[in-house]
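Welcome! Please keep the picture at hand as you read.

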Amino acid sequence: MACRGFIMKWSKAEFVRSPNAVSRCSRLNQYQQQRCGFRREAKRTDTKTGNVTQQQTKASPPEAGTPGPPPPPKVRRPTLFRPLMFTVGFAGCSFGGAAILQYETLKARVQTAKDGEELEKLMMGSQDMAYWHDWWNQLSGFQRQLLLLVSIVDDFWSSLTEGQRTATGIIAINVAVLCCWRIPSMQRTMIKYFTANPASKTRCLPMVLSSFSHYSIIHMVANMYVLWTFSSGIVSLLGKEQFLAVYLSAGVISTMVSYVCKTATGRFYPSLGASGAVMAVLAAVCTKVPEAKLGIIFLPVLTFTAGNALKAIVAIDAAGLMLGWRLFDHAAHLGGALFGVWYVAYGNKLIWRRREPLVKLWHDFRSLGGRGSRPGGGGPGTQ
């Protein structure tokens with residue numbers, strides 16, 4: 001007991017004064033050592049001198065005053081130079097491609113109209129109703145049902161506005177990406193390329209692909225419903241080709257704004273969804289037609305003007321960004337809305353109305369290629 005009391009006083013003061021000190025009570029059993037608050041070190045190769053064993057005791061970190069674990073390393077904030085250059089380049093290519101697409105579409109329509117008139121002249125008088133009646137009677141029942149189904153689909157497609165037909169293609173892409181999220185073997189690829197995160201190694205390509213990516217069915221349905229509702233208005237204002245350029249550019253620009261806010265606040269988390277691009281469409285229509293009456297699908301009695309709706313949405317997203325709400329990517333929403341307002345007010349004059357030099361250059365290039373492909377022409381490859 002005397003030895004026990006001595007060891008207790010000794011452990012409370014400084015445990016061991018010398019690391020090479022020899023204790024006569026070093027052979028206490030494990031129970032007594034635990035009672036004294038004394039932990040025995042793991043066995044090492046002992047150095048024996050006669051019958052004396054030298055054992056090194058080790059003080060616990062709190063009593064020895066040793067420092068705690070080192071702090072975690074600081075996360076280096078990513079640079080946004082490459083995403084910024086990608087945003088500028090992609091937006092420029094989108095509007096350039098839209099101008100060329102509009103040129104090709106108009107050219108194809110003119111050619112189709114000419115071919116249709118010639119075909120109608122050839123068919124008049126050469127074929128009568130008896131010919132088509134005999135042709136119909138020669139078809140099987142399955143072929144008739146298939147032709148009727150194709151006719152119904154064609155009638156439905158023709159009844160849609162040009163904006164709704166354009167939105168249908170975008171909705172189809174979003175549905176396909178949503179189905180890919182449900183494939184377990186594609187999860188790693190989907191997270192890498194279809195979610196936007198400034199801290200990720202792959203940052204540029206997801207800025208585009210995440211605008212067509214939804215993991216939640218409710219999220220996708222809400223975004224696509226808004227797009228379908230405003231598609232007719234935006235296409236009637238801008239045209240199909242310009243609308244596609246605005247939609248794609250808005251998706252990348254809204255993601256870039258999200259990157260900036262995440263990097264500034266140090267909150268790095270992945271985002272996905274078409275909300276930024278859809279907000280640009282909504283903001284463009286509401287800015288162009290602020291007096292238009294809007295309503296909520298579940299509350300048809302409640303109506304409000306498009307201008308007030310845009311102000312309320314921007315106010316909610318601004319509050320969510322300042323208060324740090326994480327339910328939505330409010331920075332992307334604000335980026336898309338501001339881009340839509342800016343484009344309707346200034347962007348159309350600065351970008352789209354100055355596309356003539358590019359279209360003329362493309363026309364000259366096509367004309368040169370057409371002359372070169374003719375036999376005996378003076379284009380490349382002729383002698």
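## Cysteines

Cys 93 is exposed because its relative accessible area is 60%, and exposed means over 50%. Cys 286, on the other hand, is buried, with a relative accessible area of 2%; buried means under 20%, and partly exposed covers the range in between (1.4 Å probe, protein chains only).

A disulfide is a covalent bond between the sulfur atoms of two cysteines. Here a disulfide is taken to be a pair of cysteine sulfur atoms within 2.5 Å, and the count by this rule comes to 0.

## How to read the model

This is a predicted model, in which local features need pLDDT of at least 70 and side-chain atom pairs count only at pLDDT 80 or more, while totals for chains, interfaces and linings use all residues. Residues are numbered from 1 along each chain as its sequence is written, and side-chain values use heavy atoms, with hydrogens and water left out.

## The chain as a whole

How many helices and strands does the chain have? There are 15 helices and 4 strands; these are DSSP runs numbered from the N terminus, with helices being H or I of at least four residues and strands E of at least two. The chain has 383 residues, and buried ones make up 30% of them.

Among contacts between residues at least 6 apart in sequence, 69% join residues at least 24 apart.

## A strand pair

Strand β3 (residues 293-296) runs antiparallel to strand β4 (residues 299-305), and the two pair over 4 bridges. Two strands count as paired if DSSP finds at least two bridges between them. A hairpin of 2 residues leads from β3 to β4.

To trace the pairing, look for Ile 296, which stands opposite Leu 299 in β4. Leu 294 in turn faces Phe 304 in β4.

## The largest pocket

Now for the open space. A pocket is found on a 1 Å grid over the protein atoms alone, as an open set of points with protein on both sides within 12 Å along at least five of seven lines; lining residues have an atom within 4 Å of a point. The largest pocket holds about 980 Å³ of space, where grid points are joined across faces, edges and corners and a volume is the space filled by probe spheres set on the points.

Which residues lie nearest its centre? They are Ala 222, Tyr 225, Val 226, Leu 282 and Ile 313, from a lining of 25 residues. At least two lining residues come from each of α10 (217-238), α12, β3, α13 (306-323) and α14 (330-350), and α10 gives the most, with 8 residues. The lining divides into 17 nonpolar, 7 polar and 1 charged; Ala, Val, Leu, Ile, Met, Phe, Trp, Tyr, Cys and Pro count as nonpolar, Asp, Glu, Lys and Arg as charged, and the others, Gly among them, as polar.

## The enclosed space

A cavity is a set of grid points where a 1.4 Å probe fits but cannot get out. Searching the whole structure turns up 1 cavity of 30 Å³ or more, and the largest cavity has a volume of about 30 Å³.

Val 208, Ser 211, Phe 212, Tyr 247, Leu 248, Gly 251 and Val 252 form the lining of the largest cavity. Helix α11 (residues 240-265) contributes the most to this lining, with 4 residues. By type, the lining has 5 nonpolar, 2 polar and no charged residues.

Ala 283 sits in helix α12 (residues 275-288) and counts as buried because its relative accessibility is 0%. Beyond residues up to four places away in sequence, Ala 283 touches Leu 310, Ala 337, Gly 340 and Val 341. Its C-alpha atom is 9.5 Å from that of Val 314, which is 31 residues away along the chain.

Ser 231 belongs to helix α10 and is also buried, at 0% relative accessibility. Leaving out neighbours within four places in sequence, Ser 231 is in contact with Gly 163, Gln 164 and Ala 167. Phe 95, in helix α4 (residues 81-123), is buried with a relative accessible area of 9%. The residues that Phe 95 touches, not counting those up to four places away in sequence, are Ala 245, Val 246, Ser 249, Tyr 343, Ile 351 and Trp 352. The C-alpha atoms of Phe 95 and Gln 242 are separated by 7.1 Å, with the two residues 147 apart along the chain.

Methods
Contact means heavy atoms within 4.5 Å.
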